[in-house]
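Subject: Structure for you to look at

Hello,

Please find the structure below.

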Amino acid sequence: MGLSIYQYMAIAALTVAILVVPMECQKPQVVNLGAVFTFDSVIGRPAKVALEAAVSDVNADTSLLKETELRLFMEDSSCNVFHGSFAAFEVLEKEVVAIIGPISSSIAHTLSDLAKGLQFPLVSFAATDPSLSAHQFPFFLRTTPDDSHQMSALVDLIDFHGWKEVISVYSDDELGRNGVYALDDELDKKRFRVSYKVPLSLHSDENSVTDALNKSKSIGPRVYILHFGPDPLLRIFNIVQKLQMMTNGYVWLATDWLSVTLDSSLSDKGNFRRLEGVVGLRQHIPESIKMRQLKRNMSMNAYAFHAYDTVWMIAHGIEKMLNEGINITFSHSKKLTHPQGNKLHLEKVKIFNRGELLLEKLLKVSFTGIAGQVQFGSGRNVTGCDYEVINVDKTGVHTVGFWSKNGGFSVGNITWPGGVREEPRGWVIDSTNPLKIVVPKRVSFVEFVTEEKNSSSHHIQGLCIDIFIEALKFIPYNVPYKFESFGNGHSSPNYSKIIQMVSDGVYDAAVGDITIVPTRSKLVDFSQPYASTGLVVVIPNVHNGTWIFLRPFTTRLWCVVLASFLCISVVIWILEHRVNEDFRGPPRRQIITVIFFSFSTLFKRNHEDTISNLARLVMIVWLFLLMVLTASYKAEVTSILTVQHLPSTITGIDSLRASELPIGYQSGTFTFEYLTYSLGMARSRLVALHSTEEYERALKLGPTALGGVAAIVDELPYIELFLAERTGFKIVGEPFMNRGWGFAFKRDSPLAIDMSTAILKLSETRKQKKILKKWLCKKSCGEKSDWNQPEPNQFHLKSFKGLYLFCIAIAVSAFLVFVLRMIRQFVQYRRMERTSLTPEASWRLSEWVLGFVEFVDEKEEATRSDYCNNNPSQVVELQGDSEVRQSL
């Protein structure tokens, strides 16, 4: 018998009722929450009150969890990982859907692993360790910003005051270490850095803390960052005061642990003298009626408000889950049972079955709580809050600034340590640890910088040194320093190595003629340039000079040649005067004869003949020397004129680059890297030169000779000094690669900025011009003497030294032979004259000298004929002497 249509509809309705009704959500009367944190702590005491108040308020709110009561089971972790783990299992036995806490980041790491394994939400309102990431701990949520957020605010405060380096003092645990890592990251974004770290163990005694802080005093920075857990005794400041580190010049910045401590009821608000000048952060909590109600019962801090919001956040998540018809059920977890079946004594523990689903609901919660907007970001942390900047003085704690997560920042007047309002510099140079400044030990262009030779004190001097010392006078604080030269003393050092040593921390700064180029700026910080510079091209200045005929010989050689003409003339005159009528006559005629005789030998047109054999010998040697000098002179003049008629194709760096000619550069400078890497010139074309002498020699040798160059590329200050000392060269083309000289400092050194300001102030005075005149006008501003500086292709005295010595030897020998013979003849002459006088006659010494001069001045034939007439017996002897003389 078939069923009617109504019967089929009734059966269908009954079936639907049977299937659907059992699946409807049976809203529980009670939902349990767990909480594990340290009750007796600065954060724990107000947090406990806030959690209880939040549960009460949730249960009283009829719009949330209408038929369900929220119960909270709290256990004390006693600030211990071991106790915290047991406390977690104790609340899990109460069949909780989630656990709130802990406060400690160390305990949070352990409980996060537990939450991950058993898959229940763990929500902390105070564990701010940035390393508690969602990737490693997926069931860990945080309703307070992590430390990286407040470190960002702190770095903005540091940047606002222009400080570059800080010293971090932190607790040696997960909270402190990972917080400082976050500080490092934020500082690095702005090219700041932590210069020194002072980790302090939780069990450090006063002596160890004192030693650690004492070491930091010699580092230099005076900006200290304090990052700890809340400390009601503020012990760190007691030690700091004993070390006199709360005085003018120091900066103490604290993370929000200080504001939490001061906001707690246990902080000694009447004793702010030891905290005078400390600046810290405080989470900004908007004013509300509920906030004021909570503060009536107990002194609350920001983390207590986050604890209050945490309960509401979990309540909203449970509400979402229940509204979707999801039952709250618990079961024993297989992960708490031994693989062989033996229980781990945790058989009573039941784990919430829907922990992962509840986690999803919690991540979608968004509402405005007491502490601000409660909404989770990508890292499963609540979106960042704003911070107030607080300042402690003798009267209390004051809000002096505000930092917004959207980028806004404002700071008012701050009282700094020592009670001063003037902003501290943030760093000092300890007199016991002066700056180590490296200077190049130049061997060329020493006017700029070098180490004084033969000085036991290693005195450093030069234009760059004087500018640095004068600039220091414009810095409003003392800068102790010591110079250390770098170089072997035989060649100028490589400046790139100097920059690298500053970058590596071997030296604190470098002072010298250091060019500011991009590759160096990546390693160090440069000051404002104190001298403008650029690369220029120098070539020989080939032009027909008025005195070009003098160039083949050096000045000394010309003087010696002229002197030798006169000396030879005098020697020939002495040897020929008694026997040659051409060398006799009135004094005026004899002087003219002496002058013109020797010079006429240059053209081989002597009007006077030599009779004496001694004179002929001297003339032979002199004519040979003259022939060599003349031939050398003609060859050199021909070479000079030939070179000058060759047109120069070098008009600047472009034409020089297009050619294949050799190029000189100053060794150790950046010029080599620029010519090779930037302009692409072959290294084989480049010739390293070490001094101005080598510059001159290489240019005058030319591109065809070994070691010669067609041009030199160097910086303008060097070339200006080179051209001031030497002539015959010129700059072609326009300066290129315009740069400047500056002082190099370690990266982010605050002294670089202060030195730049000092250089600008120095440039406005006349002192810098006096320094330039002092060093660059030593030679260029005075008369230049090149007496001992022959050109590379000039003949100088050494070239003919052998010939001159031989000629001098012959001339002197001839003169001595002549004098000795004259003395012998004069003695004979006096002996014959004595026989004709009476025996009583006598001669004085002066009469003898005058008589000898008259004897030499008289013509030899006249003397012989005169005494032959008076003394016939001596004729034979005098004739014999004459024959001997003629034979010589």
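The buried residues of helix α21 are covered by elements that include β24, β25, β26, β27, α22 and β28, where a cover is counted from contact, meaning heavy atoms within 4.5 Å. Helix α21 spans residues 692–701, and T692, Y695, E696, A698, L699 and K700 are its buried residues. Buried means under 20% relative accessible area, with over 50% called exposed and the range in between partly exposed (1.4 Å probe, protein chains only). Just after α21, G702 has a positive phi of about 85°.

This is a predicted model, in which local features need pLDDT of at least 70 and side-chain atom pairs count only at pLDDT 80 or more, while totals for chains, interfaces and linings use all residues. Residues are numbered from 1 along each chain as its sequence is written, and side-chain values use heavy atoms, with hydrogens and water left out. Helices (H or I, at least four residues) and strands (E, at least two) are DSSP runs, numbered from the N terminus.

Next, the sheet. Five strands form an open sheet in the order β26-β25-β27-β24-β28, with mixed pairing; two strands pair if DSSP finds at least two bridges between them. The edge strands are β26 (686–689) and β28 (729–741), each with a single partner strand, so one side of each has no neighbour in the sheet. On average, neighbouring strands are turned by 25° against each other, direction ignored. Helix α22 (residues 716–725) packs on this sheet and touches β24 (531–540), β25, β27 and β28, its direction making about 50° with that of β24. Angles run from 0 to 180 degrees between N-to-C directions, and axes are lines fitted to C-alpha atoms, for helices over the stretch in contact. Strands β25 (residues 663–666) and β27 (residues 711–715) pair in the parallel sense over three bridges. Y665 has V713 in β27 as its bridge partner.

Then the aromatic rings. The structure holds 29 aromatic pairs. Rings of Phe, Tyr and Trp (its six-membered ring) pair if their centres lie within 6.5 Å; planes under 30 degrees apart count as stacked, over 60 as edge-to-face and the rest as tilted. The ring centres of F37 and F39 are 4.9 Å apart and the planes are at 65°, so this pair is edge-to-face. F37 is buried, with a relative accessible area of 0%. Ring pairs also link F445, F448, Y695, Y718, F722, F729 and W741 into a cluster.

Regards
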